[in-house]
Amino acid sequence: MDFISILSIFVLACFVGYYVVWSVTPALHTPLMAVTNAISSVIIVGALIAAAAAGVPAAKWLGLIGVVLASVNIFGGFAVTERMLAMYKKKERPAKEGGKS
Amino acid sequence: MAPATVESAVDYGAVAEAVHAVNPWVAVAYLVSGVLFILALRGLSSPSTSRQGNRFGMIGMLIAVVTTLVTHEIASLPEILVAVAIGGGIGFVIARRIAMTAMPQLVAAFHSLVGLAAVLVAMAAFFNPGAFDILGADGNIFAVSRIEMALGAAIGAITFSGSVIAFAKLNGNMSGSPIMLPARHVINLGTLAAIIVLTGLFAASDAAGPGENSMFWIIVILAFVIGFLLIIPIGGADMPVVVSMLNSYSGWAAAAMGFTLHNTAMIITGALVGASGAILSYIMCRAMNRSFISVIAGGFGADSGGGGGGAAQTDRPWKRGSAEDAAFMMSQAEQVIIIPGYGMAVAQAQHVLREMTDLLKEKGVTVKFAIHPVAGRMPGHMNVLLAEANVPYDEVFELEDINGEFSQTDVAFVIGANDVVNPAARTDKSSPIYGMPVFDVDKAKTIFFIKRSMGGVGYAGVDNDVFYMDQTMMLLSDAKKMVEEINKSLAD
């Protein structure tokens, strides 16, 4: 891909991000931060490429450390988001007083 | 897309050749994973769809990782698997064990890891450009790739050191009060300018000589330093903005590395995360009526010299209430609104507070929670704590949605909040918090205000007129103990 195609994807993704994030309910802003943390660790792709390539040991070890760090984030980020989201419940138990938004 | 154009790998040498499993489906797979990440954030528009969104995010990550692994010739699969297992194990255990009150620290720590990972990837690309397809025919790294690498490394380094400081401040390893260096604006701007100039020079120089190499390292070092310098002057109360801002940086770092790797998943994700952090910072700043620049410039919450109220007026008369008073008044009320703040998190009072609402509901009282956008130490902090304590999310309201109700409310119950209920924000133009949107608790018939002592003021360092109002009763105690006592009298 040439630079302009990549730039186009980037700019459009910024707009998508803008609208998607504004639609996130404020009650879920903490899970939003946790999950953005997890997905920004997609940088693991770069670390994997470095770790996988043969030939330059320094790059390989930097890549491996990068893989460790990004994995902490991926597993930790998704797991803690899942844990938080599981706690958000609607009112259901006392069905006696209904009708207040 | 025509992957073949960049993939004419023959010139790049043997190392580069390993990476060229030319397959248009690779680009599609990364695109799919990017789209799944968009859906992950989209799911967060409502708690009912959020968990499905999180699953999408996991699948997206799995696709990105598997695609990378199957399309590259891997010289060290065991090492990689061990690295993933170590990191994944650590992350998983932390995620299971962490207390919900410690979420701001955790998020700051995670940001620092993303930042450091970005730096490491940029350094690895610098050492082994062939593996990343960024080597030109002349044996030099492409100029545009050099800019992307330098930017990725710099933003990553700023994210790392900034997040480490934010973590230390949030976790109490470091005082939350701002540390002000003399001439810090000059130092910061000078360092930033140096990074930008060096990045330009790094891109423009086309010889891979030692001079060029040292430029890259100087950029990285300067970026580590500036991340540190940027965050130390920012006080504890501004941490929600800082955490959001670092969130944004970690996204831009990922995006910059995505440009280097020509990887759609990384670019889409970076843009999403960057936008997310930027919007959260904006929401936080708006909720404090402060400009982003003034937050970044730091110093707020020191001993703000300006401001009318001042903390010197504590000799004004105020009324002390007891747990029994609070229990009696609330059980007689039709509607009670609870305003939690950071103090509730510190006292871990969310569970006893939920018990209190249950007892009140049994008596037919309507109980609602009102949450200010900057309550706590990160966006949405209070919502998570209340969710943890099993408070249904449809009883928790945002500022705009509930502020009109205080005039028809019998009891406003303030627990661990202060500045967000200060009427000076509406009336006193000289107050440092003037213009900040606040809860109009002063319109409620009765106010109970849980506070440790009368001496302390909020983080903004301003006195609060609500303490001295006729309908206010101060409950001076630890928040958790006080609520427990109230629960006892309610149960009787």
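Predicted model: local features only at pLDDT ≥ 70, side-chain atom pairs only at ≥ 80, totals over all residues.
**Entry 1: what the record says about chain A**

I began with the UniProt record for chain A. An unreviewed entry gives residues 7-90 of chain A the annotation "domain: NAD(P) transhydrogenase alpha subunit C-terminal". I then looked at that span in the model.

Residues 32-55 of chain A come out as 75% helix and 0% strand, with their end C-alpha atoms 40 Å apart. Residues 61-81 of chain A are 100% helix and 0% strand, and here the end C-alpha atoms lie 30 Å apart.

**Entry 2: a nonpolar patch**

I found a nonpolar surface patch of about 1000 Å². Its members include Phe3(A), Leu7(A), Trp22(A), Phe142(B) and Tyr282(B). Which element gives the most to this patch? Helix H1 of chain A, residues 3-22, does, with 8 residues.

Tyr19(A) sits in helix H1 of chain A. Is Tyr19(A) buried or exposed? Its relative accessibility is 56%, so I noted Tyr19(A) as exposed.

**Entry 3: a negative patch**

I then turned to charge. On the surface of chain B, a patch of negative charge gathers Glu324(B), Asp325(B), Glu355(B), Glu484(B), Glu485(B) and Asp492(B). Two elements of chain B give two or more residues each to the negative patch: helix H12 (323-332) and helix H18 (479-491). I located Glu324(B) in helix H12 of chain B.

**Entry 4: salt bridges**

A reminder to myself: side chains of opposite charge can pair when their charged atoms come close. How many salt bridges does the structure hold over all chains? I noted 12, and I followed up a few.

The pair I looked at to begin with is Glu79(B) with Lys60(A), whose side chains meet in a salt bridge at 2.9 Å, N to O. Glu79(B) lies in helix H4 of chain B (residues 77-97) and Lys60(A) in helix H4 of chain A (residues 57-87), so this pair joins two chains. Glu79(B) is partly exposed at 28% relative accessible area. Lys60(A) has 18% relative accessibility and counts as buried, because the cut-off for buried is under 20%.

Then I looked at Asp358(B) and Arg354(B), whose side chains form a salt bridge at 2.7 Å, N to O. Both residues lie in helix H14 of chain B (residues 350-362). They are 4 residues apart, about one turn of the helix. Arg354(B) is buried, with a relative accessible area of 18%.

My last pair was Asp440(B) and Lys443(B), with a salt bridge of 3.5 Å, N to O. Asp440(B) is buried at 10% relative accessible area, whereas Lys443(B) is partly exposed at 46%. Salt bridges with shared partners link Arg426(B), Asp440(B), Asp442(B) and Lys443(B) into one network.

**Entry 5: positive phi angles**

I also looked at backbone angles in two loops of chain B. What is phi of His262(B)? It is near 55 degrees, a positive value in a residue other than glycine. His262(B) is in the loop between helix H9 (239-261) and helix H10 (264-288) of chain B. With 30% relative accessibility, His262(B) counts as partly exposed.

Asn289(B) is not a glycine either, and its phi is positive at about 50 degrees. I found Asn289(B) in the loop between H10 and helix H11 (292-297) of chain B. Asn289(B) is partly exposed, at 43% relative accessible area.

**Entry 6: a buried strand residue**

I ended with Thr472(B), which lies in strand S6 of chain B (residues 472-476). Thr472(B) is buried, with a relative accessible area of 0%. How far is Thr472(B) from Val411(B) in sequence and in space? The two are 61 residues apart in sequence and 9.8 Å apart in space, C-alpha to C-alpha.

Note on methods. Residues numbered from 1 in each chain as written. Chains lettered and ligands numbered in written order. Heavy atoms only, no water. Patch = residues over 30% accessible without salt bridge, like charges linked within 9 Å, V, L, I, M, F, W, Y side chains within 5 Å. Areas by Shrake-Rupley, 256 points an atom, 1.4 Å probe, with all protein chains shown as cover. Salt bridge = Lys/Arg side-chain N within 4 Å of Asp/Glu carboxyl O. Lys, Arg positive; Asp, Glu negative; His and termini not counted. Charge placed at Lys NZ, Arg CZ, Asp CG, Glu CD. UniProt positions renumbered as here; feature names shortened; annotations may be inferred. Buried < 20%, exposed > 50% of the residue type's maximum accessible area, 1.4 Å probe, protein only.
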